[in-house]
Each structure stands twice: as structure tokens, then as C-alpha cells.
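Please keep the structure open beside it as you read.

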Amino acid sequence: MSTTGAAADPLAALGSLPGVPESVESVRKAVDRVYGHRIMRRRSNEITSEAALRGARGSGALSGADWALEEVRRRTDFSGDDDARVMGAALRLTAEAGQLLSIWRQSPLRVLARLHLVASASNGEEVGRPRLAGEPVDEPLVELPLPSADEVHGRLEGLSELIIAGSSAPALVTAAVVHGELLALRPFTSHNGLVARTAERIVLVGSGLDPKSVCPAEVGHAELGRAAYLAALDGYASGTPEGMAAWIAHCGKAIELGARESTAVCEALQRGAA
């Protein structure tokens, strides 16, 4: 998302695109249903923990590790193969996200660096910093043209400035832009999808829309499917109003599905079945 010559609050401008206000309202109603459930008053910590597990499972699936939820719940060793390492990274990121909320608004680039470090779980010189010119990117599921390292640097700085400045835009819009921008840029040499979806979660929680982190958008993104996810991302990358609105609406639907998932968990707990 380019901010050159943009309005003082370009995120707020996106909030008025056709269809976006309706998505914002639909998301709010879905989130309110979860928070209004009687189980949330007594067992919200259990819902948060379950949402974290299911969100990590969904994010891992979108990065190629499509495991059954019970397999994720059962496993303790995530070092065996590429899929296991992807799922391990998704779980670590979900756990780390809650520790970074207070830093995000003051230093989003520091948070992104930390997320990449946690996902990578290595000490390579490329870890925890934006990629340099000529460095390859391991993100095989995203086939958009890869921006240059210089463009990545400029757009990351622009995104950081928007976050630090604050916006009157709805949380859905900000979260969708952060997610889409990171996925389009692929600023790191690896794990960009996992990092982008974790950053979306941080925005949704930190904004106050989902303060207990019980509406895992990653669940919804996975349920909608990788093809729809990448098609919506193409719309974001196009930069057109229609494409941006379609991406925001897609992210909104993902949050609604995440909220529905946690509502189902609440119902199961109420019945004593979980």
C-alpha cells in the first residue's frame, strides 16, 4: 500500500470503500456474539487457549502444513520435517503475539523482526531483519511478483508510520492492510505468511476489537481456502479500490468464521462436551 501523496489518514479512507462498512458491521456483530456468550463470563481463558491452538493450526495450513486439529494438539515434537517445522513456527508465533501488544503501536518494525526471529528459530544472519538485495525468499505459495529490497524498505517504513500515527479506521481495515502489505511485500527470507497472519492477530487484539483473542481469523482464512485467500491477495496487490475492498471483505469473513468457531467451542463447553 503506497502512502505517497495519500490523505492524512489513508486507512480511514479505505473504510469508506463500497462494501467495507457492511463488512465492519458484520464483523462487529460476530465478535459481540462470542463475547456475549455466557461461557465467556466464566471460562474465557479456556476459549482463548483453544482459539490460539485453532488459529495456529489454520495459519500452518495456509503455509502448507494442513494437519488435523487433534494432531496439532497431540504432538510435542515439531522438528521432524518441513511440515512439522511450519506448524511449530505457527504455534510459537501464536504464543508470542500476546507478549508484543504493548510494543506494536510504538515500534511495529521491532515486533515484525521479533516475529520472524521466533518463527525461524535460528540464528542465521538473515533472521529478524528485512531481506537484502539478491536474497531469495522461501514463500512458494505466494506467486505475486516480488518487490525489490528497496521497495520493501520504503513500504515497511510507510506502514510503520501509519501504525505509529494511529488511525480512525476500523480495526478490520487496519488488520487487513497490515496482513496484505506484509504478504505482498514478503519482507523476510522466510515465514512471511505466518508473520503476516500473526500481525493481523496483534492488530485485532490490540485495537480492542478482540481483546481476549477469541476470534482467530487464521481459522477463517484456512476455511475459506488457499485459492480464495490468494485471489483476494491479488486484489490487494492490484491497489485498485475494488481489489482493496475485496481483500478487506475477505479478511472480515475470516474473522467472522473465527468467531463462529469459538462460539461453537463455547456451546460445546456449555454442553459439557469439551
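**Notes on cavities, pocket and cysteines**

1. The largest cavity holds about 40 Å³ of space. A cavity here is a set of points on a 1 Å grid over the protein atoms alone where a 1.4 Å probe fits but cannot get out, and lining residues have an atom within 4 Å of a point. Grid points are joined across faces, edges and corners, and a volume is the space filled by probe spheres set on the points.

2. Before going on, a word on the source: this is a predicted model, in which local features need pLDDT of at least 70 and side-chain atom pairs count only at pLDDT 80 or more, while totals for chains, interfaces and linings use all residues. Residues are numbered from 1 along each chain as its sequence is written, and side-chain values use heavy atoms, with hydrogens and water left out.

3. The lining of the largest cavity is made up of Arg201, Leu204, Val205, Asp210, Ser213, Cys215, Pro216, Ala217 and Glu218. Two elements, α10 (192-206) and α11 (217-224), each give two or more residues to this lining, and α10 has the largest share with 3 residues. Helices are DSSP runs of H or I with at least four residues, numbered from the N terminus.

4. The second largest cavity has a volume of about 30 Å³. Among its lining residues are Gly55, Ala56, Ser59, Leu194, Thr198 and Glu218. The elements giving two or more residues to that lining are α3 (38-62), α5 (82-97) and α10.

5. For the open space, the largest pocket comes to about 440 Å³. Of its 26 lining residues, Ser63, Asp82, Val86, Asp138 and His191 are the closest to its centre. The elements that supply two or more residues are α5, α7 (108-120), α10 and α12 (226-238), and α5 gives the most, with 5. A pocket is an open set with protein on both sides within 12 Å along at least five of seven lines.

6. How many disulfides are there? The count is 0, taking a disulfide as a pair of cysteine sulfur atoms within 2.5 Å. Cys215 is in none, and the nearest cysteine sulfur, in Cys266, is 9.4 Å away. The sulfur of Cys251 lies 15 Å from the closest cysteine sulfur, in Cys215, which is too far for a bond.
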